[in-house]
Amino acid sequence: MLFLILSPSTELKEEELSFYREAGIRNFIFFKQHFEGDFSEYLNSLKKALKSLFLLCVDQEGGRVARIPGDFPSPLSMARQMREKGDRAFCEWAKSLAKAVKSQGLNVNLAPCVDLADEKAPDFLKERTFGSDPEEVIECAKLFYYCHAEEGIATCLKHFPGLGGVEVDPHEDLPRKSLITEKDLKPFKSLSSLYPMVMTTHLSDPSAQGLPSTFSERIVRLLREYCNFKGLILTDDLNMKALKEYELAERFILSLACGHNCLLYCGPYNEVAKIWNDLRKEIEKSKILREKAKESFYLLEKLKKSIKIPE
């Protein structure tokens, strides 16, 4: 299923690879543990087994969220430095992130975070953003995009509609926000014509009886219509505890039904394998889900024309 992004195990056994072949999964995300061994050999074995891989993703934000080893200062520290000294050092930093991704044979950096948050942000978001001023965030994100584009690396804005002001970590529980403001949305709206991908977040939608934004048609419409975003919409990790009240199959179906184009899951592959047949049947028998899948395939094919596919 081309619109799934999974995290493969570090030991690629035939049973796992067989599932990826059967399910048609060609998009993957990699984490720190994947780079602890010979990643080049690992990726080559994945390519050889599956062929036609497409989105090969990593969270290489800089600071504490840098899966590929190296010295990469945090986004907030670099944004501060740019304000004080100009954009040269910022661009060198952004290019170093892009080159790290490229050096590993990957083509997507799931960054930057354009949530409006500063040094007072809670731990899960601290230092991961460019600050709380939307104009400065936009300026940094533009440079971030261009520096990656020069290296042939695609980028992804996150986390729509903005985690600024949120205290609860979505990895642990569903955050709540009483109001989504124009200020929160400004970076996404300003950058929507530039970036090819936007990742949503698991946030209680205040206008939909607390439904997680990942399952909210209103949140997707906000991105499509208010922000005028035409590209690929990704979920955040559907394995996070913010969605613990929902069965795994529900998480996939509700995310697709409300308009997400790529469904990201970073848990054990066999949990997806268990529900695979039911998930496929549910999509096949639902006209709405078939239409959503068709739209996703169209956007993925469109992206494929503009993104470098690693050989």
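**Working through the model**

Mentor: Let us start with a loop residue: Gly 162 is found in the loop between strand 7 and helix 6 (182-191), and please keep in mind throughout that this is a predicted model.

Trainee: Is Gly 162 buried or exposed?

Mentor: Gly 162 has a relative accessible area of 3%, and because buried means under 20%, this glycine counts as buried.

Trainee: And what does Gly 162 touch, not counting residues up to four places away in sequence?

Mentor: With those sequence neighbours set aside, Gly 162 touches Asp 115, Lys 177, Phe 188 and Leu 203. As for Lys 186, which is 24 residues from Gly 162 along the chain, the two C-alpha atoms are separated by 9.8 Å.

Trainee: OK, zooming out, how many helices and strands are there in the protein chain?

Mentor: The protein chain has 10 helices and 10 strands. An open sheet of 8 strands runs in the order 9-8-7-6-3-2-1-10, with parallel pairing, and its edge strands, each of which pairs on one side only, are strand 9 (232-234) and strand 10 (263-265).

Trainee: How many bridges join strand 7 to strand 8?

Mentor: Strand 7 (residues 154-160) runs parallel to strand 8 and is joined to it by 4 bridges, and in this pairing Cys 156 stands opposite Met 197 of strand 8. Elsewhere in the sheet, strand 1 (residues 4-6) and strand 2 (residues 27-30) also pair in the parallel sense, over 2 bridges, with Ile 5 standing opposite Asn 27.

Trainee: Which residues of strand 8 are buried on each side?

Mentor: In strand 8 (residues 197-200), Met 197 and Met 199 are buried on one side, while Val 198 and Thr 200 are buried on the other, so that both faces are covered. The background is that in a regular strand the side chains alternate between the two faces of the sheet.

Trainee: Switching to helices, what does helix 8 pack against?

Mentor: The buried residues of helix 8 pack against strand 1, strand 10, helix 9 (269-285) and helix 10 (287-304). Helix 8 spans residues 248-257, and its buried residues are Leu 248, Arg 251, Phe 252, Ile 253, Ser 255 and Leu 256. After helix 8 comes Gly 259, whose phi is positive, near 120°.

Trainee: Why does Leu 248 count as buried?

Mentor: Leu 248 counts as buried because its relative accessibility is 14%, and the cut-off for buried is under 20%. Apart from residues up to four places away in sequence, Leu 248 touches Leu 238, Tyr 265, Glu 271, Val 272 and Ile 275.

Trainee: What about Cys 147, where does it lie?

Mentor: Cys 147 lies in helix 5 (residues 134-150) and counts as buried at 5% relative accessibility. Leaving aside its neighbours within four places in sequence, Cys 147 is in contact with Cys 91, Ala 94, Lys 95 and Ala 98.

Trainee: Backbone geometry next: which peptide bonds are cis?

Mentor: One of them runs from Ala 111 to Pro 112, with omega near 10°, and Pro 112 lies in the loop between strand 6 (108-109) and helix 5. Another cis bond runs from Lys 158 to His 159, with omega near 5°, and His 159 has its place in strand 7.

Trainee: Which residues have a positive phi although they are not a glycine?

Mentor: Among them is Ser 52, with a phi of about 55°, in the loop between helix 2 (39-50) and strand 3 (56-58); Ser 52 is exposed, with a relative accessible area of 63%. Asn 228 also has a positive phi, of about 60°, and it sits in the loop between helix 7 (217-226) and strand 9, where it is partly exposed at 42% relative accessible area.

How values were computed:
Residues are numbered from 1 along each chain as its sequence is written. This is a predicted model: local features need pLDDT of at least 70, side-chain atom pairs count only at pLDDT 80 or more; totals for chains, interfaces and linings use all residues. Side-chain values use heavy atoms; hydrogens and water are left out. Two strands pair if DSSP finds at least two bridges between them. Buried means under 20% relative accessible area, exposed over 50%, partly exposed in between (1.4 Å probe, protein chains only). Contact means heavy atoms within 4.5 Å.
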